[in-house]
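Here is a briefing on one protein chain. Keep the sequence and the structure side by side while reading.

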Amino acid sequence: QKCVKIVKPQLTNDVEDFLITDEWKAMNAADILLHRAANIALDRTIDDVIGRDTFLKRLREYETLIELMKECAEECSSTCSNAGVYREAISCRPCMNGIRSKWNIESNS
């Protein structure tokens, strides 16, 4: 069976150019303001409640786990090879169980 691997879309140059215009900024001014306010509040929570060092340590752990899970997904979830050849999907569970064991993460299932 032949298949087509779905490629992640990319913004065209025209769209990228539009996203830096004053017109786009004016159309989204309220959202931009809300985003800034939310970031300020989040930074205060991180600094005053969680602690910046604790937050950054946990963030690095999270980012590492995300990358490891992406590697698992690459190995098991695609049913279409880069060459366009269909292949049966294999389970991600063994890869993910290995990550859980290494990081001492409890399973919710």
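**A partly exposed tryptophan**

Trp24 sits in helix α2, which covers residues 22-27. This is a predicted model. Trp24 has a relative accessibility of 26%, so it counts as partly exposed. Beyond its neighbours within four places in sequence, Trp24 is in contact with Phe18, Leu19 and Ile32.

**Overall make-up and confidence**

- The protein chain holds five helices and zero strands.
- Its pattern along the sequence reads α-α-α-α-α.
- Of the 109 residues in the protein chain, 12% are buried.
- Take the contacts between residues at least 6 apart in sequence: 49% of them join residues at least 24 apart.
- The mean pLDDT of the protein chain is 87, and 90% of the residues score at least 70.
- Confidence is highest in α3, at a mean of 98. It is lowest in helix α5 (residues 93-103), at a mean of 84.
- Where pLDDT is low, the predicted coordinates should not be read in detail.

**Helix α3 and the residue after it**

- Helix α3 spans residues 29-50.
- The 22 residues of α3 should span 32 Å at 1.5 Å a residue. The C-alpha atoms at its ends lie 30 Å apart, which agrees.

**How α3 meets α4**

- Two packed helices are described by the angle between their axes and the distance between the axes.
- At what angle do the axes of α3 and α4 cross? They cross at roughly 110° and come within 7 Å.
- The range 65 to 115 degrees counts as roughly perpendicular, so α3 is roughly perpendicular to α4.
- On the α3 side, the contact involves Asp43, Ile46, Asp47 and Ile50. On the α4 side, it involves Arg52, Thr54 and Phe55.
- By class, the residues of this contact divide into three nonpolar, one polar and three charged.

- Helix α4 runs over residues 52-76.
- At 1.5 Å a residue, the 25 residues of α4 should span 36 Å. Its end C-alpha atoms are 36 Å apart, which agrees.
- Which residues of α4 are buried? They are Leu65, Cys72 and Cys76.
- What do the buried residues of α4 pack against? They pack against α5.

**Helix α5 and the segment after it**

- Arg93 belongs to helix α5.
- Is Arg93 buried or exposed? With a relative accessible area of 52%, Arg93 is exposed. The cut-off for exposed is over 50%.
- Arg93 and Cys72 are 21 residues apart along the chain. Their C-alpha atoms are separated by 8.8 Å.
- Cys72 is one of the buried residues of α4, whereas Arg93 is exposed.
- Asn104 lies in the segment after α5.
- Most residues other than glycine have a negative phi.
- Asn104 is not a glycine, yet it has a positive phi of about 55°.
- Asn104 has a relative accessibility of 71%, so it counts as exposed.

Terms used
Residues numbered from 1 in each chain as written. Predicted model: local features only at pLDDT ≥ 70, side-chain atom pairs only at ≥ 80, totals over all residues. Heavy atoms only, no water. Axes fitted to C-alpha atoms, helices over the stretch in contact; angles between N-to-C directions. Helix = DSSP H or I, 4+ residues; strand = E, 2+ residues; numbered from the N terminus. Parallel < 35°, antiparallel > 145°, perpendicular 65-115°, else oblique. Contact = heavy atoms within 4.5 Å. Nonpolar A, V, L, I, M, F, W, Y, C, P; charged D, E, K, R; others polar. Buried < 20%, exposed > 50% of the residue type's maximum accessible area, 1.4 Å probe, protein only. Expected span 1.5 Å × (residues − 1). pLDDT = per-residue confidence, 0-100.
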